Amino acid sequence: MKEERVKEKAFLSIFLVLTLLAVGLIALAEKGGVGVPVFIGASPFNTGEIGTSSLVELLREKYGSVYVIASLNELDGIRASDKCLFVAISPETPYTTSDSNRIASYLARCNHPLLLIADENSTSNNLLRAVGAQLEVATVVTSTPSNGLGVAVYAPEEGVYLPAYPLSVFYVNNTRYSLYLDIASYIVIHGGSYTIFGEYTVDTKKYPSGVIAYSNITFGGQAREVVAYVLSDGSIFLNQVIDRNETYRSFALALFQSVCGEGGCTIIFDGSRYSPIPLSDLKNNLNSITPLYLSFPSLLGMVIANLIHPSTWLPPLLDYSNKVFAEMLRDHLVSSTLALLFALLAFAYVSRREVFVSDKPMSEEKLVEVAYAGNILKEIEKGKLKLGREDFKSLYEIVDSVMRDVYGLSLRDEELERRLSLLLGDEKARRYLKSMNKLYDKAVGLRRTPIVLSWSRVVAKYVRDSEEVLSKVGASLMRFEVVEKLARS
């Protein structure tokens with residue numbers, strides 16, 4: 001490109017930048033603080049004692065494809081697989097008939113639809129009806145007995161009081177688990193094909209607390225058998241027991257292994273049934289945020305995010321500055337000195353000598369020039385190519401495509417880890433696949449961690465790592481012209 005001498009007014013450039021910065025800060029301040037929500041139920045987004053985030057992370061270590069959705073609309077973006085498991089734990093908002101049919105339609109796209117409901121209330125019964133399961137969670141009422149001691153669970157259908165914390169026995173994979181339920185319901189069986197795998201006893205009468213129902217749904221003219229696992233209590237999956245009690249943790253792993261097998265299972269936790277409360281509504285009363293709803297690291301991060309937000313410090317700063325400036329202007333000598341100083345500064349900027357800079361190629365031209373450089377990997381490492389999360393998604397999808405072509409396996413298949421271990425070693429193969437899958441879920445918005453400070457550095461690192469892995473496989477990023485594709489994207 002031919003160089004041209006372009007005249008700049010430095011004063012105007014600085015003034016424009018400061019103006020835009022001021023406008024941005026004011027806009028953020030007017031918009032309000034960071035609206036980070038707090039979930040107070042058994043939400044997979046709740047990191048506190050009564051959340052289920054620990055169960056999600058526990059399963060992600062075993063199964064790669066574990067998703068948490070904030071809306072049922074997100075089901076459209078999750079690819080159907082051989083086994084699909086939809087999980088609902090103590091939902092606070094009932095499933096409507098429309099919601100339930102939408103979930104059933106998604107499950108019917110999979111070869112083996114699976115459903116797991118752990119609910120001490122009747123909020124999930126429409127979902128059971130939608131998949132044809134002839135079960136329902138009984139309606140119970142938590143009440144205080146007349147003597148005022150503790151709480152009791154009244155079962156209207158039975159006309160009796162049930163214990164608030166019954167000891168239930170579950171049998172999973174030929175193993176017996178004795179677990180205390182927390183203000184639990186029981187499961188009413190209307191018929192159909194079913195298996196009871198959990199129950200508790202009250203006055204010699206047995207109440208089912210774990211039942212598997214087998215039913216059928218039709219999608220696109222094809223019948224699918226749905227296997228629905230129903231438990232009459234969600235507290236056995238909460239963080240407070242998963243994090244601290246080995247029996248409950250082992251039971252959860254055994255149950256999901258019984259449902260999903262060893263791999264190839266897409267697990268979807270429904271996070272849409274819980275009402276979030278913005279942290280901005282609670283920040284004036286931090287005592288209302290207990291460890292039940294939020295872990296300390298999460299709370300600290302939220303508080304820091306709000307403290308650095310302009311809505312927190314900009315209004316008081318402007319008010320204080322306005323008061324100081326008003327006081328200064330009342331003094332005639334000070335106001336005259338300031339006026340003279342501003343005039344001199346303006347004159348210095350406007351009248352200083354002209355600055356000439358070289359015209360530079362446009363960013364797109366620069367990317368194309370670098371894309372055809374001899375060694376594109378070095379250009380990325382030098383920082384000449386600024387890559388982002390979209391580039392990582394492209395890298396992941398291309399490496400995934402190569403693995404499918406070579407092995408017939410995706411990056412999320414456990415069998416691929418075994419294959420790559422023969423070439424790379426167990427630890428290196430496991431770490432590479434785990435990191436790629438976690439970063440991809442982060443890039444597409446399916447998880448909040450890991451925290452990525454620079455996507456460009458992450459892409460550069462995994463381009464190198466992927467090149468090494470694929471070279472062992474017998475492919476090459478350079479041969480597939482992947483890096484060049486990234487450079488031009």
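In this predicted model, the count of disulfides comes to two. One of them joins cysteine 84 to cysteine 110, with an S to S distance of 1.9 Å, and the link is left-handed, with -80 degrees about the S-S bond. Cysteine 84 belongs to strand β4 (residues 83-89), whereas cysteine 110 sits in the loop between α3 (97-108) and β5, so the pair ties together parts that are 26 residues apart in sequence. Cysteine 84 counts as buried, at 0% relative accessibility, and cysteine 110 is likewise buried at 0%.

The other disulfide is formed by cysteine 260 and cysteine 265, whose sulfur atoms are 2.2 Å apart. Cysteine 260 is buried at 0% relative accessibility, and cysteine 265 is buried with a relative accessible area of 5%. When the bonded cysteines of the protein are numbered in sequence order, the pairing reads 1-2, 3-4.

Strand β5 (residues 112-118) pairs with β15 in the parallel sense over five bridges, while strand β14 (residues 205-219) pairs with β15 in the antiparallel sense over ten bridges. Tyrosine 229 of β15 is the bridge partner of leucine 116, and isoleucine 212 also stands opposite tyrosine 229. In the hairpin of β14 and β15, where two residues lie between the strands, glycine 220 takes a positive phi near 60 degrees.

On the surface, Val151, Tyr165, Leu167 and Tyr180 form a nonpolar patch with about 410 Å² of accessible area together. Tyrosine 165 is placed in the loop between β9 (160-162) and β10 (167-172), and is partly exposed, with a relative accessible area of 49%.

Notes:
Residues numbered from 1 in each chain as written. Predicted model: local features only at pLDDT ≥ 70, side-chain atom pairs only at ≥ 80, totals over all residues. Heavy atoms only, no water. Pairing = 2+ DSSP bridges. Helix = DSSP H or I, 4+ residues; strand = E, 2+ residues; numbered from the N terminus. Patch = residues over 30% accessible without salt bridge, like charges linked within 9 Å, V, L, I, M, F, W, Y side chains within 5 Å. Areas by Shrake-Rupley, 256 points an atom, 1.4 Å probe, with all protein chains shown as cover. Salt bridge = Lys/Arg side-chain N within 4 Å of Asp/Glu carboxyl O. Buried < 20%, exposed > 50% of the residue type's maximum accessible area, 1.4 Å probe, protein only. Disulfide = S-S within 2.5 Å.
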